[in-house]
Amino acid sequence: MPLPEPLTALLGSPWPWPLLQAGALLLAWALDRRFGEPPDRWHPVAWLGRLLGPVGRFWRDRAPAAAFAGGALSWLLIAAVLAGAAWALQRWILALPGPLALALLALALKPLFACRMLCDEVAAVEAALAQSLEAGRARLAWLVSRDVTRLDAGEVRESAIETLAENLNDSVVAPLAWFALAGLPGAVLYRFANTADAMWGYRGAWEWAGKWAARADDLLSWPTARLTALLLRPVWRPHEWSRLAREAACTPSPNGGWPMGAMALRLDVRLRKPGVYALHAAGRSPEAADLGQALRLARSAARIWTGVLAGGLVAGALMMLTRLAGGPA
């Protein structure tokens, strides 16, 4: 159904943009479930990582003021280039015939989120633990930066569940939300911010060069981290929300504690980073069944969120078209 002329001129496309978004979202989700991630040589996020590495190291070794200014300016410049390129690509896609535009938009969106890979990698930790503790530790080391050599089986599962919960926001809920809000530029900007934080946002030598990247990621992830927590453990009563907020406040991150705390409370297990925090400290040590349940909760939350976004886009498009056509509000 073509859009009215004023909106067509505004969007640069003869096709209803929110409906195209919804279709691309669902098709990208299906592509993720069927194929997972493209090889690194074709993956835009891998290309981004190869760019951010040398840029970050250049500024990391400067004096604090220069490191902060250089890190911030580099972040802003790369973000502007990437968002501008995504906007140009989106404009070009929108000028194409509907089915082709839908397919290309979905293909452009797919590398910007990763649900299947996240769940597969976490499931692989439990499969490795079934072989031996050493194998489980080695597999976990692919996912976390902490020292895993002294972790027991329960602590390996704690780290895997934490990774699953936190990255459910970073890898699925947030990029899809920003795509729904701002199209490809929004999803690209978020994925860049999250990748820059993962590579630059550390204490110690990276303190100043990565400070802007860390704060930018905190800002962009703030609303979706709380939404992810609600998807994992729906709470509507004030005292339940307060309990979740108290658990989230145990972590130094303003966002990571929300989905991790929700998962800990939902599973009734404790999740710890030794010497840093303990979420739901009164909970029991997670077992194999708990990691399996965590995966089911994460997959369910991701499906629900995708459905909510797609449904909201369709509903918004229909309301917009009705009003523009002069029908009842």
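What percentage of the 329 residues in the chain is buried? The share is 50%. Buried means under 20% relative accessible area, found with a 1.4 Å probe on protein chains only.

This is a predicted model: local features need pLDDT of at least 70, side-chain atom pairs count only at pLDDT 80 or more, and totals for chains, interfaces and linings use all residues. Residues are numbered from 1 along each chain as its sequence is written, and side-chain values use heavy atoms, with hydrogens and water left out.

**Fold and size**

The chain has 12 helices and 2 strands. These are DSSP runs: helices (H or I) have at least four residues, strands (E) at least two, and numbering starts from the N terminus. Along the sequence the order is α-α-α-α-α-α-α-α-α-α-α-β-β-α.

A compact globule of 329 residues would have a radius of gyration near 20 Å, so the chain's 21 Å agrees. The radius is taken over C-alpha atoms, and the globule rule is 2.2 Å times the number of residues to the power 0.38.

| Property of the chain | Value |
|---|---|
| Radius of gyration | 21 Å |

Contact means heavy atoms within 4.5 Å. Of the contacts between residues at least 6 apart in sequence, 68% join residues at least 24 apart.

Arg-57 sits in helix H3, residues 44-60. Its relative accessibility is 42%, so Arg-57 counts as partly exposed. That class lies between buried and exposed, which is over 50%. Arg-57 and Met-199 are 142 residues apart in sequence, yet their C-alpha atoms are 9.9 Å apart in space.
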